Amino acid sequence: MPVPVSGFSKKSKQEKIEWLVHNYFNDNEDALITLKQYWNNNTRLQELHDDFTENTISNYYLPFGIAPNFKINGRMYTIPMVIEESSVIAAASNAAKFWLDRGGFNTEVISTIKNGQVHIDYFGNKELIFKFFADVKPALLVSISDIEKNMKVRGGGLLDIELIDTTEALPGYFQLHCTFETLDAMGANFINSCLEEIAITFEQKAASHPEFSKNSTTPKVVLSILSNYVPECMVRASVRCAVEELTENGTDGETFARDFVRAVDIARTEIRRAVTHNKGIMNGIDSVILATGNDFRAVEAGIHAFAAKEGKYTSLTQANVEDGIFTFSIEIPLALGTVGGLTGLHPLVKFALQLLHNPSAQELMGIAAVAGLAQNFAAIRSLVTTGIQKGHMKMHLMNILNQLEATSDEKEKAIQHFTKNTVSHIAAVNFIEKLRR
Ligand code: MEV
């Protein structure tokens with residue numbers, strides 16, 4: 001039975017692994033081999049990865065793929081995508097090619113404001129706290145001047161602080177709602193540093209304010225943190241073409257457009273469909289977010305909250321036909337960075353950003369939104385025509401063959417065979433077994 005351990009983070013990497021293999025793998029060498037086979041021979045690179053987090057014992061590879069032929073605002077892009085799901089990059093590439101011949105994608109950044117809050121407990125007189133806030137606001141602004149100096153030089157910084165009465169939702173709960181422009185940085189560290197400084201100043205001023213002590217109701221800071229809900233940091237991506245232009249391989253454009261719009265309307269109406277529909281969108285967005293070293297958990301949390309902003313979870317995309325024109329679009333909140341964080345540190349992230357013509361954060365917002373829209377287009381296009389499994393299983397075939405430890409020769413024969421036959425797990429197993437007999 002594994003024993004509790006103290007001071008674990010202080011152990012060397014070798015000691016950590018030995019402890020692990022002894023306590024959890026019965027000293028089995030295979031566990032050690034599994035971990036070590038992913039170590040990088042380039043010591044500098046390995047140390048860089050070791051230092052990203054605490055207690056790193058190995059590296060976890062994900063495929064880094066590319067989807068070419070994206071025309072975005074008239075410029076050609078090859079989009080880097082980090083994802084393990086077999087069919088995602090193929091789907092993105094297909095959608096890119098489809099829209100390349102129909103004018104490409106357009107994007108527009110609607111807003112770029114980020115936000116964070118100092119959450120406060122105060123059970124006293126409301127007028128008093130509002131009066132106090134008006135008095136101390138200049139001191140709060142000054143308190144962060146060192147932290148925001150560099151950001152200010154570049155044209156960003158804190159935009160405003162508001163005191164918000166949230167007591168109706170939770171008795172005694174007020175907040176300092178702070179808004180920020182962080183330019184090409186995602187800005188999490190910057191925002192959190194500002195908020196914590198504002199919180200300290202606010203509490204200090206409150207503690208020495210005679211009116212509060214007279215009423216024995218001094219406001220108390222509960223916590224200060226940025227918000228990953230960023231509905232004031234919005235981007236829109238869209239495609240449009242005449243309905244006739246959707247005609248392809250025997251499908252007439254009108255039927256396709258009608259079925260497509262209906263599929264999106266179903267996702268707008270029914271949560272069970274909306275979640276899967278949006279999951280497909282996130283296949284595209286997350287893989288760009290990962291490739292470019294951004295925080296996919298923050299993006300996921302913010303986007304799904306936005307999808308439920310009307311009190312009911314719904315589709316992130318819209319589709320319609322008006323006057324013979326098919327339009328398909330997405331509008332999402334995205335707080336991204338192209339400087340700071342992993343962007344200057346991780347060699348593959350630097351590579352991904354170079355591949356994208358070293359975009360500004362605003363350009364990256366557009367590219368990520370396009371990846372999501374393209375993914376959704378490809379999914380719905382399959383769903384309302386052939387179904388999803390045909391393409392998906394074709395791409396998944398290689399995973400099944402690898403599971404069966406197929407040789408290169410067996411793989412080649414299987415790929416040949418399944419160009420004309422339907423892929424399924426059992427069909428692949430039977431095929432390989434027959435070959436081996
Ligand atoms: C699979 O990863 C994503 C899809 O299920 C998305 C969708 O149903 O729209 C294909």
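# Pockets, cavity and cores in a predicted model

Visitor: Which helices each supply at least two residues of the lining of the largest pocket?
Guide: A pocket is an open set of points on a 1 Å grid over the protein atoms alone, with protein on both sides within 12 Å along at least five of seven lines, and lining residues have an atom within 4 Å of a point. Helices are DSSP runs of H or I with at least four residues, strands are runs of E with at least two, and both are numbered from the N terminus. On that basis the helices are α3 (43-52), α7 (188-207), α10 (271-291), α11 (296-307) and α12 (347-355).

Visitor: How are the residues and values to be read?
Guide: The model is predicted, with local features needing pLDDT of at least 70 and side-chain atom pairs counting only at pLDDT 80 or more, while totals for chains, interfaces and linings use all residues. Residues are numbered from 1 along each chain as its sequence is written, and side-chain values use heavy atoms, leaving out hydrogens and water.

Visitor: How much space lies in the largest pocket?
Guide: The lining has 39 residues, with Phe52, Gly293, Leu342, His346 and Val349 nearest the centre. By class there are 20 nonpolar, 16 polar and three charged residues; Ala, Val, Leu, Ile, Met, Phe, Trp, Tyr, Cys and Pro count as nonpolar, Asp, Glu, Lys and Arg as charged, and the others as polar. α3 gives the largest share of this lining, four residues. The space in the largest pocket is about 1400 Å³.

Visitor: Which residues are the closest to the centre of the second largest pocket?
Guide: This second largest pocket holds about 1100 Å³ of space. Its lining has 42 residues, and the closest to its centre are Ser382, Gly387, Ile388, Gly391 and His392.

Visitor: Where does the largest cavity lie?
Guide: A cavity is a set of grid points where a 1.4 Å probe fits but cannot get out, and the largest cavity has a volume of about 100 Å³. Among its 15 lining residues, Met186, Asn228, Val230, Ala298 and Ala335 lie nearest the centre, and α11 gives the most, four residues. Because both domains give residues to this lining, the largest cavity lies between domain 2 (64-109 + 232-386) and domain 3 (114-226).

Visitor: Is Ser224 buried or exposed?
Guide: Ser224 is in strand β7 (residues 220-226). Beyond its neighbours within four places in sequence, its contacts (heavy atoms within 4.5 Å) are Gln117, Val118, Leu195, Glu196 and Ala199. Buried means under 20% relative accessible area (1.4 Å probe, protein chains only), and because Ser224 has 14% relative accessibility, it counts as buried.

Visitor: How many residues does the largest nonpolar core have?
Guide: A nonpolar core joins buried Ala, Val, Leu, Ile, Met, Phe, Trp, Tyr and Cys residues through side-chain atoms within 4.5 Å. Phe70, Phe326 and Leu334 have the most contacts inside the largest one, and α13 gives the most to this core, 12 residues. Apart from it lies another core of 30 residues, including Leu195 and Ala199. The number of residues in the largest nonpolar core is 64.

Note on methods: Points joined across faces, edges and corners; volume = space filled by probe spheres on them. Buried < 20%, exposed > 50% of the residue type's maximum accessible area, 1.4 Å probe, protein only. Domains from an automatic or database assignment.
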